Amino acid sequence: MRLGIDVGATAIKSGLVDDRYNVTGKRSRPTDARDAAAFLSDLADIGRSYRGSAKITSVGIGLPGQVDPHKGTLVDSTNLALADVPVADTLSRELGVPAFVGNDANCAMFGEVYAGEGVTTPNLIMVTVGTGIGGGIRINGKIYRGRNESAGEFGHMCVNFSGVTCRCGATGCWEAYASVTALIRQTRDAAGQYPQSLLARLIEEGGGAVDGRTAFIAAKAGCPVAEQVVETYAGYLAVGIDNLLIIFRPDKVVLAGAVMNEGDFLVSRIKEKIRFPDQLCISKLHSHAGIIGAAVLGEVYRDHKQFV
């Protein structure tokens, strides 16, 4: 069994992956990235927690940001505010098995290639929507990684040159409008503007908590304010997806991330706003894509024919 660890800015998901790419023993815990030592300690704890479940032959870690797979390091991560972290060496030493690192969105792409839409789709764009937005690119059956393994940072393409400032410091980045972080901000702003709305009451009754589901819950309950939040958010997603469709003309654009659990309630709105709606779909692997892709990193890096 291989262990896959999918690191996000807010949560770390993990699971064991067998030779048929089935995920078992899936777990999740909050991300502790207050410093490199705490972060590495958490990763090691996750690995050790699986020792009694199965014999682990390798561990792969998908990380948000730029990685160096040859050195096994997290080079830089805006979302984690960490840099130059020796992830692979630390995990290999702590767990006694080979360890590999990859960009988290590329890992989601690897998961699709091995067990999802990529099995039968040679030209594929993967878009992962979460705290930020990332992605992967597959052209004629080969994965394009770009310079320094950093291709696919779709979230930082500009969709509004006079827009809001992104966490990366640039202006008008796609993820500043279409990530779940952005959706939460848009939900709060709408509730503040319309304090008598069902959306505002729902937030108040929940003690002020807002997450990526809040606007959808209120919209499905008939709140017109929440309905507009969802519609606008779908429009922001559509802008970037349409750009990717036009630039790459893939067979499919595959969407992943917890917000895609909203299914057709969200995706049908996106399809209405893009030029090639038939090329858009949701990953059938759901939240398993990143875990599977991380777990197979050892195989991925051995098979250089997979890469452009």
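These legends walk through several close-up views of the predicted model shown above. Residues are numbered from 1 along each chain as its sequence is written, and side-chain values use heavy atoms, with hydrogens and water left out. Because the model is predicted, local features need pLDDT of at least 70 and side-chain atom pairs count only at pLDDT 80 or more, while totals for chains, interfaces and linings use all residues.

**View 1. Helix 5 packs against helix 6.** Helix 5 covers residues 180–193 and helix 6 covers residues 198–205; helices here are DSSP runs of H or I with at least four residues, strands are runs of E with at least two, and both are numbered from the N terminus. The two helices meet at an angle of about 110 degrees, with their axes 8 Å apart. Axes are lines fitted to C-alpha atoms, for helices over the stretch in contact, and angles run from 0 to 180 degrees between N-to-C directions. Helix 5 and helix 6 are therefore roughly perpendicular, the word used for 65 to 115 degrees. Thr-187, Ala-190 and Ala-191 of helix 5 make the contact with Leu-199, Ala-200 and Ile-203 of helix 6, where contact means heavy atoms within 4.5 Å. By class, that contact has five nonpolar, one polar and no charged residues; Ala, Val, Leu, Ile, Met, Phe, Trp, Tyr, Cys and Pro count as nonpolar, Asp, Glu, Lys and Arg as charged, and the others, Gly among them, as polar.

**View 2. Gly-208 lies in the loop between helix 6 and helix 7.** Have a look at its surroundings too: not counting residues up to four places away in sequence, Gly-208 touches Arg-188 and Ile-203. Gly-208 is partly exposed, with a relative accessible area of 29%; buried means under 20%, exposed over 50%, and partly exposed in between, with a 1.4 Å probe and protein chains only. The C-alpha atoms of Gly-208 and Ala-226 are separated by 16 Å, and these residues are 18 apart along the chain.

**View 3. The largest nonpolar core has 43 residues.** Such a core is a set of buried Ala, Val, Leu, Ile, Met, Phe, Trp, Tyr and Cys residues joined through side-chain atoms within 4.5 Å. Val-127, Trp-174, Leu-199, Leu-237, Ile-241 and Ile-270 touch the most other members. Helix 8 (224–248) is one of the elements that supply at least two residues each, and helix 8 gives the most, with eleven. Leaving aside neighbours within four places in sequence, Ile-241 is in contact with Trp-174, Val-253, Leu-255, Ile-270, Ile-274 and Leu-280. A second, separate core of 26 residues includes Ile-46, Ile-56, Leu-80 and Leu-82.

**View 4. Strand 2 and strand 3 form a hairpin.** Strand 2 (residues 11–17) pairs with strand 3 (residues 23–30) in the antiparallel sense over six bridges; strands pair if DSSP finds at least two bridges between them. Leu-16 stands opposite Thr-24. Five residues separate the strands, and Tyr-21 in the turn has a positive phi of about 65 degrees.

**View 5. Strand 4 and strand 8 pair in the parallel sense.** Five bridges join strand 4 (residues 58–63) to strand 8, and Gly-62 has Gly-102 as its bridge partner. Strand 8 (residues 99–103) is mostly covered, with four of its five residues buried.

How values were computed:
Parallel < 35°, antiparallel > 145°, perpendicular 65-115°, else oblique.
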